[in-house]
Protein chains: 2
Amino acid sequence: MPQQPADPTEPAVPHRRSWPLEPAPLVIDGVEINRWDRQVLLEARAGGVSTLHATCAVWEDARETLRALGAWRRRFADHGDLITPVRGTDDIERAHAQGRTGVMLGFQNTSPFEDDIELVETFHRIDVRCAQLTYNVQNLVGGSCFEPSDSGLSRFGEAIVAEMNRLGMLVDCSHVGEWTTRDAIEASRDPIALTHANPRWFCDSPRNKSSETLKALAARGGVIGCTLYPLFIGGTDTPREAFCQMIADLVEEIGLDHVAIGTDLTRGQPDADLGWLRDGRWRRPDPEQRLSWPEWPAWFRSAADFPALAEGLLEVGLDEAAIRKVLGENWLRLLGQVVGP
Amino acid sequence: MPQQPADPTEPAVPHRRSWPLEPAPLVIDGVEINRWDRQVLLEARAGGVSTLHATCAVWEDARETLRALGAWRRRFADHGDLITPVRGTDDIERAHAQGRTGVMLGFQNTSPFEDDIELVETFHRIDVRCAQLTYNVQNLVGGSCFEPSDSGLSRFGEAIVAEMNRLGMLVDCSHVGEWTTRDAIEASRDPIALTHANPRWFCDSPRNKSSETLKALAARGGVIGCTLYPLFIGGTDTPREAFCQMIADLVEEIGLDHVAIGTDLTRGQPDADLGWLRDGRWRRPDPEQRLSWPEWPAWFRSAADFPALAEGLLEVGLDEAAIRKVLGENWLRLLGQVVGP
């Protein structure tokens, strides 16, 4: 489908920058958790994003998640010139060829499955293709990276992973505790993902993963999407070169086929919703604390900056073929293997 | 309120046996999970049960639990000659004096609280006075005794225990993993309960507790309700003497003030519901397996057999004062401390 002609009522978007690669690479963003509006979708187009994985649940239960998925059906209808649903890799390649952004629906929690093994298939039937096993707290499935003690994968967790394998749903362990992550890597028939995390040696946060875990992930064919979220790269002032050098070093450490990008972009999210996204309903907000979203680095403020990221990767010495893998082809290969065509 | 006159339409109940103690003791049953009908309530009266703790949720979420609690309001209205709601120890003593059975509402899971700290107060406001932290699988709060690995109390679990303490809701760890149980004993400001469990040395099951845990429970003022559930006493054929001797030995081990009864009676539960009660929705039933409830020992088939249990306790050498503590006064003391008058 051709791009629609410029419309003076369109919101302002960053200038579409040109790629340092020809032809433009197939770009897949491992996760974005924006407050979705047309502006954000235009930014994805400006950055040449072929497909992004959109978070539809963080704390939500089944019913609440059905509403979020319904909203995506309306978005696909309302913004069909910009976006198209992704159910497998054929959709990703078609979106890329058409100059649209594919959207793969997924969860950053297994909370939508509640306590019901049957709900995995239910959500798969309505196009959910990825679920993170836990978000910021322990749940029925396993331990979170923010818990003082990590249970490992529970019996329900093993059942959930097997069911996701059966259906073709990608297992994500980004916010998951290290032990549970290692259990999931072993328990899963298919390789798994860290859609948005970094190596612990780059930035020491519980949200980033140890080298042992990253090597285990890669040994089973998994992929890590390196995240741009400011708190997990060492802050807003971290230079592009440092982030890109981390990617180059990680390619050395775990292999080129296992490193990708998962920005975790939070475009348009108001400060008022940060408390919900961090803590859900499990504890009361501290009335003293005024939460605000961190500022993103000047060199990556939105999905429109993907071409600039490619420049940074060139500058640290990755060749074009390597950059294409990191920007999209590694996710495409993993999704082909797990989710299918 | 006087007992209503005998009614020929009343279901048949076991003959009311006389107590070997005068006056009849105040009897509190730590937990029952019957399919509730008038027959079961008549059995409780026949056994002189002053108060029983009725399970209103095992896997249910908030909405499903609201329905179970609504059903109890109808039962209190329909069977007011036999039962009366218990919100504190004054209600228990009043029920005993009136010759009715008080019913304290509680949960065998924190699933009704879902992921919402505010729901603890909501359920307390509608008379829930006890919640077991986990049932048969790991949840957001902690680890279950049936998990291969026990997380201990999670951050949400600590928040839930503190909230239950604030409101006056008894923490129960009967199905909870040993490590989470020990965490809860330490984290809780108030003493906690094992409403239905036995010492591991009496019957080697993950549902029974180690001596270390039982001593820690008692050291903080907690109480264990020894259960009659056949699988956790060593089977249907376990003689009354063995069960009663276990109680006498446990009194020696952890102190007279910390030993009570929590039958876990499952009266009227059909075999068809056993799968739900054991596994909920977390795994699919095995179509090969025909589940059936275990047969209860001949000497304890229903709550009508409480007087016979008192006989057994006399026979193993407990004196009357000790038997009164075990049959009810220890629960009364604990509930006075935790739940209040």
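**Two helices side by side in chain A**

Okay, let's start with a pair: helix 6 (residues 178-187) and helix 7 (residues 211-219) of chain A pack at an angle of about 15 degrees, with their axes 10 Å apart. Helices here are DSSP runs of H or I with at least four residues, strands are E runs of at least two, and both are numbered from the N terminus. Axes are lines fitted to C-alpha atoms, for helices over the stretch in contact, and angles run from 0 to 180 degrees between N-to-C directions.

So helix 6 of chain A is roughly parallel to helix 7 of chain A, a label for angles under 35 degrees.

Quick note: this is a predicted model, where local features need pLDDT of at least 70, side-chain atom pairs count only at pLDDT 80 or more, and totals for chains, interfaces and linings use all residues. Residues are numbered from 1 along each chain as its sequence is written, while chains are lettered from A and ligands numbered from 1 in the order in which they are written.

Which residues of helix 6 of chain A meet helix 7 of chain A? They're A:Glu178, A:Thr181, A:Arg182 and A:Ile185, and across from them sit A:Thr213, A:Ala216 and A:Leu217. Contact means C-beta atoms, placed from the backbone, within 7 Å.

Now zoom out. Chain A has 11 helices and nine strands. The C-alpha trace of chain A spans about 50 × 50 × 45 Å along its principal axes. Of the 341 residues in chain A, 52% are buried, that is, with 20 or more other C-beta atoms within 10 Å of their own, C-beta atoms being placed from the backbone. And of the contacts in chain A with a separation of 6 or more, 72% join residues 24 or more positions apart.

Definitions and conventions:
Angles under 35 degrees count as roughly parallel, over 145 as roughly antiparallel, 65 to 115 as roughly perpendicular and the rest as oblique. Two residues are in contact if their C-beta atoms, placed from the backbone, lie within 7 Å. A residue is buried if 20 or more other C-beta atoms lie within 10 Å of its own, exposed if 12 or fewer, and partly exposed in between; C-beta atoms are placed from the backbone.
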